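Colleague: I have this model open and would like to go through it with you. Could you start with the overall layout?

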Amino acid sequence: MYNTLSRSKEHFKPLNSPHIGMYVCGPTVYGDAHLGHARPAVTFDLVFRYLAHLGFKVRYVRNITDVGHLENDADEGEDKIARKARLEKLEPMEVVHHYTVRYHRNMDQLNVLRPSIEPHASGHVIEQIEMISTLLRKGYAYEVNGSVYFDVERYNGKHHYGVLSGRKVEDLVSNTRELAGQSEKRSSLDFALWKKAEPSHIMRWPSPWSDGFPGWHMECSAMGCKYLGDQFDIHGGGMDLLFPHHEAEIAQSTIANGKAPVRYWMHNNMITINGQKMGKSLGNAMSLDDIFTGTHPLLEKAYSPMTIRFFILMAHYRSTLDFSNEALQAAEKGLRKLLAAADTLKQLTPSEDAVIQGIENILQDCYTAMDDDFNSPMVIANLFEAVRIINSAKDGSLRLNAQELKLMQQLFEDFVSGILGIIPEGAAGDDKLVDGLMQTIIELRQEARQRKDYATSDKIRDNLASLNIEIKDGREGTSWQVK
RNA sequence: GGUCUCGUGGCCGAGUGGCUAGGCAGCGGUCUGCAAAACCGUGUACAGCGGUUCGACUCCGCUCGAGACCUCCA
């Protein structure tokens with residue numbers, strides 16, 4: 001896997017095989033989940049599923065950020081969640097819970113597995129305070145007016161602040177602007193460990209220094225350490241978190257625990273929309289619900305959660321991914337083709353005189369692709385090779401022997417639904433009543449066709465089409481599929 | 001301005017020092033009552049300019065272009 005620390009691909013060796021500890025930065029629950037949340041969630045879901053598939057026992061920790069953080073506009077230190085709460089006249093925890101529930105629903109729709117532990121920052125203030133105390137005791141932090149800051153220059157004496165992001169402290173210092181309200185810090189590079197709360201601040205906790213709230217990077221360090229230990233295998237998140245968030249995590253954990261916290265850092269790339277960065281200011285930010293319902297003005301239609309998942313997996317996680325109607329529709333059709341083949345596969349029967357089709361190689365290539373830094377697009381390319389074989393087997397131009405048919409079933413079970421997490425949507429095909437009705441309808445249409453009563457057969461087909469049911473006449477009979 | 005990433009055929013998107021990625025769209029064909037689906041065939045793609053090399057889309061340099069971060073926040 002590619003390790004951001006070394007900027008190269010490394011062979012992955014777990015610290016305590018078969019156990020693996022993985023921490024991923026989760027959402028701040030003050031608004032609906034958008035595309036920027038879907039990408040890391042799906043990316044690390046893939047990692048989680050694959051490592052588990054290989055037989056590792058993975059403890060996957062993904063946090064919920066629900067404590068004081070600053071709004072990026074001119075709110076002068078007002079807590080994001082507190083601000084929203086005041087506006088909507090709700091308790092902060094009510095807001096947090098509301099958006100947490102909605103986040104979970106969206107993730108379920110995307111078929112993202114729940115992490116092993118999903119700790120809330122607000123539930124770990126004590127751990128964070130303890131860690132800050134340790135940093136103070138060791139002399140790498142200082143208190144000013146009830147706030148505590150991390151001393152980056154002192155840290156940089158013995159360690160390298162910037163190992164992850166490839167930055168040098170000297171460069172950072174010379175490039176930093178002086179901002180108002182930062183006078184408490186000794187250096188502009190220092191970051192807050194604890195912030196004293198302003199009187200208007202609703203979310204606050206008592207601490208040895210002031211009533212306030214933990215600084216931005218504390219929660220990940222404290223909770224990662226609590227559940228995964230001083231040092232763990234994988235830490236993931238978006239590339240935008242690389243600096244300063246992850247850099248600060250490394251610094252504070254290294255001092256507090258005496259060793260670098262993480263062995264492999266993984267960062268997923270960002271999403272663009274029509275080639276442009278997604279952002280509120282650009283008016284192209286899309287929530288997942290916008291996409292699933294098709295209500296966003298930039299969308300020509302709704303795209304299902306599984307389409308979005310498939311689309312994300314069609315690109316490698318370290319590449320930027322561009323959203324456009326054209327690209328999404330391509331993904332939608334590709335997904336339909338893949339799922340239709342999965343369905344067809346169930347009906348195939350083995351034949352004795354089959355020529356070997358090389359299914360074993362396809363399966364092997366899928367493992368090779370996943371082993372090479374989780375290359376899901378390569379897996380998908382291989383799966384479409386399998387799709388071609390399945391469809392050819394269906395119309396009789398190819399045959400599969402029992403052994404290869406079994407391998408094919410294994411391929412789809414393991415890679416399509418198990419590892420990629422691609423499963424059929426809606427109630428198609430798994431309902432006995434619907435199946436029976438459809439069978440009857442198809443038979444009636446077949447009889448009409450035999451009588452050359454095409455008016456009737458076409459009417460049946462058209463009426464079903466208006467219900468989004470597609471009729472497919474093949475050599476071996478007629479099948480149907482929900483579009 | 002600094003650090004870093006990237007620039008692949010109509011669109012999305014893999015990959016490699018010489019050998020087919022894949023999906024979608026297009027074109028031709030097979031099948032079909034027709035259509036759809038499926039299958040078969042089909043594209044002088046690798047930003048530009050130099051250099052290294054027997055050979056570069058793949059390595060090096062420069063130019064142009066795009067993006068991320070450099071500040072509080074995720």
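Modeller: Chain A is divided into domain 1 (2–268), domain 2 (272–419) and domain 3 (432–482), with bounds that come from an automatic or database domain assignment. This is a predicted model, in which local features need pLDDT of at least 70 and side-chain atom pairs count only at pLDDT 80 or more, while totals for chains, interfaces and linings use all residues. Residues are numbered from 1 along each chain as its sequence is written, chains are lettered from A and ligands numbered from 1 in the order in which they are written, and side-chain values use heavy atoms, with hydrogens and water left out.

Colleague: How far apart are the centres of domain 1 and domain 3?

Modeller: Their C-alpha centres lie 56 Å apart, and the C-alpha trace of chain A spans about 90 × 50 × 35 Å along its principal axes.

Colleague: And how many helices and strands are there?

Modeller: Chain A has 16 helices and 15 strands, taken as DSSP runs numbered from the N terminus (H or I, at least four residues, for helices; E, at least two, for strands).

Colleague: What about the inside, which residues have the most contacts in the largest nonpolar core?

Modeller: Those are F323, L411, F412, F415 and I422, in a core of 81 residues. Such a core is a set of buried Ala, Val, Leu, Ile, Met, Phe, Trp, Tyr and Cys residues joined through side-chain atoms within 4.5 Å, where buried means under 20% relative accessible area, exposed over 50% and partly exposed in between (1.4 Å probe, protein chains only). Helix α1 (residues 35–53) gives the most to this core, with 10 residues, and the core draws at least three residues from each of domain 1 (2–268) and domain 2 (272–419).

Colleague: What does F323 touch?

Modeller: Leaving out residues up to four places away in sequence, F323 touches L35, I271, T272, I273, N274, I291, I308, F311 and L328, a contact being heavy atoms within 4.5 Å.

Colleague: Switching to the backbone, where are the cis peptide bonds?

Modeller: One joins S17 and P18, with omega about 5°, and P18 sits in the loop between β2 (8–9) and β3 (19–24). Another joins F243 and P244, with omega about 0°, and P244 belongs to helix α8 (residues 242–257).

Colleague: Is F374, with its positive phi, buried or exposed?

Modeller: F374 has phi near 55°, lies in the loop between α12 (359–371) and α13 (376–394), and is buried at a relative accessible area of 5%. K452 also has a positive phi, about 60°, but K452 counts as exposed at 61% relative accessibility.
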